[in-house]
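Here are some notes for a colleague who has not seen this structure before. They take up contacts, cores and helix packing in turn.

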Amino acid sequence: MPATPSPPPPAPADPGGRVPTLLAWCAAVVHPFVLFMGVQAGPFRSTQLRLFLTSVAVGLLLPLARRRPDAALGLLLAALFAASTTRPYAELTYLPVLAADACVGLLAARRPLLRVTLPAAAVTLTVQIGAALYTTSGHDVFVTTVVALALALLTAVLLGHASRERRAHAAELRARTAAEAVTAERLRIARELHDVIAHSIGVIAIQAGVGRRVIDTQPAEARNALATIETTSRETLAGLRRTLGALRASAKDAPGHGAAPRDPAPGLADLDRLAASTADAGVRVEVRHLGDPVRSLPPEVDLAAYRIVQESLTNVVRHAGTPLCRVTVERGEDALLVEITDDGRPPKPGTAPAAPASTGYGIVGMRERTALLGGRFSAGPRPGGGFHVTAVLPLPLPLPLPSPMPPAAPAPAQEGTPAP
């Protein structure tokens, strides 16, 4: 059985675009000859033919000017001066002069101004003035031509430099925007981690202290404290895994890696579990739900409300010194009201209520969460002692139900038709 011929190997890719670059150089080498033929116009001596050939000669340099404007400028100036020595009509040199100015403008847009652009502009102006000696007659015409050449070249340099500055400014803005986005994301992650850890660590610390004190005299109570520590630790690890999982690449973006576990984010439905863990830390929580309890909440509002309650209960456990705390959640038509109050330690007679410590990030995080959703937030001591936290989070208005269509009226019976 004859062997099946193997398919030919694929042709190697063109590294760096060598073929287009070679073709651009070949077209640029042909440019001086076409320009010289254009100013002479061959055997026909036709003005239209001269302008056409001059345009073709300049067009041959465009591919090279995009890649190497300095090389295109050198070839263009050499051909311009050589063609000018034949004393052609001045109109035939306008297009090559403008092309040379455009090459200088490209250099100003891509290369340093002092080291490359200004020397190239000086050489270009010198060659153009030398060409004007052959194509102009009269002192006044020559001076006017030199001034026009200098102004046109200066305009090209300024336009190129402005384009370079604009690109640099746009790149700086993109870099700054990216840096601000990274900073905002880091702050969001830090706030989320703070909210996840602060409450649980507070409960664990209190339960560990209780267990240490009663382990010899009340083993059952110490066993309950250890069970609470275990449950709270597992919940904290699950929350950390969920938060950090958002930083991992998904399976589509990172082939070969499994998708990170993504547990559902906590919400107001988990308030009973949160109240139970707070009760284990020594603070009983009374939760009241007002309004429509079955109304669904946007995920971001649900998570923000839960985090606000969680951080508030953490502050109560740590600083309030009270065995009771009240949480009110009211779902209105256009807003969700979350209020957390405690009685705290009553102030001493003749003293003002103590203000909360401003060194932590809990109240700042709650205020930022509320502001991101366009809500209102307030926190401060109560006149009779204790502390209160209030957050009002806006809700989207429910869509109105479509009204039922009225039944169609029966058509009148025609004459001579039996009634149904």
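1. A term comes first: two residues are in contact when they have heavy atoms within 4.5 Å of each other. With neighbours within four places in sequence left aside, Val 309 is in contact with Leu 271, Leu 274, Val 327, Val 338 and Ile 340. The model is a predicted one.

2. On the overall make-up, the protein has 11 helices and five strands. Of its 420 residues, 35% are buried. Among contacts with a separation of 6 or more, 70% are between residues 24 or more positions apart.

3. Which residues touch the most other members of the largest nonpolar core? They are Val 309, Leu 313, Leu 336 and Ile 340, in a core of 32 residues. Two or more residues of this core come from each of α9 (271-280), α10 (299-320), β2 (324-331), β3 (335-342) and β5 (387-394). Helix α10 gives the largest share, with 10 residues.

4. There is also a second, separate core, which has 21 residues. Ala 28, Ala 71, Ala 99 and Val 157 are among them.

5. Is Ile 308 buried or exposed? Its relative accessibility is 0%, so Ile 308 counts as buried, the cut-off being under 20%. Leaving aside neighbours within four places in sequence, Ile 308 is in contact with Ile 340, Met 366, Thr 370, Val 389 and Ala 391. One of these, Thr 370, is 62 residues from Ile 308 in sequence, while the two C-alpha atoms are 8.8 Å apart.

6. The next points concern helix α5 (residues 94-110) and begin with its packing against helix α2 (residues 47-60). The angle is about 15 degrees and the axes are 9 Å apart. α2 is therefore roughly parallel to α5, since the angle is under 35 degrees. The crossing of these two helices is right-handed. On the α2 side the contact is made by Thr 54, Ser 55 and Val 58, and on the α5 side by Leu 95, Pro 96 and Ala 99. Four of the contact residues are nonpolar, two are polar and none is charged.

7. Helix α4 (residues 69-84) packs with α5 at an angle of about 160 degrees, their axes 9 Å apart. That angle is why α4 counts as roughly antiparallel to α5, the cut-off being over 145. The crossing of α4 with α5 is left-handed. From α4 the contact takes in Pro 69, Asp 70, Ala 72, Leu 73, Leu 76, Leu 77 and Leu 80. From α5 the contributors include Pro 96, Ala 99, Cys 103 and Arg 110. How many residues of each class does the contact of α4 with α5 have? It has 14 nonpolar, no polar and two charged residues.

8. The contact is made by Val 97, Ala 100, Asp 101, Val 104, Leu 107 and Ala 108 of α5, together with Val 116, Thr 117, Ala 120, Ala 121, Thr 124 and Gln 128 of α6. By class, the contact of α5 with α6 has eight nonpolar, three polar and one charged residues.

Technical notes: Residues are numbered from 1 along each chain as its sequence is written. This is a predicted model: local features need pLDDT of at least 70, side-chain atom pairs count only at pLDDT 80 or more; totals for chains, interfaces and linings use all residues. Side-chain values use heavy atoms; hydrogens and water are left out. Axes are lines fitted to C-alpha atoms, for helices over the stretch in contact, and angles run from 0 to 180 degrees between N-to-C directions. Helices (H or I, at least four residues) and strands (E, at least two) are DSSP runs, numbered from the N terminus. Angles under 35 degrees count as roughly parallel, over 145 as roughly antiparallel, 65 to 115 as roughly perpendicular and the rest as oblique. A crossing is left-handed if the near helix is turned anticlockwise from the far one by less than a right angle, and right-handed if clockwise. Ala, Val, Leu, Ile, Met, Phe, Trp, Tyr, Cys and Pro count as nonpolar, Asp, Glu, Lys and Arg as charged, and the others, Gly among them, as polar. A nonpolar core is a set of buried Ala, Val, Leu, Ile, Met, Phe, Trp, Tyr and Cys residues joined through side-chain atoms within 4.5 Å. Buried means under 20% relative accessible area, exposed over 50%, partly exposed in between (1.4 Å probe, protein chains only).
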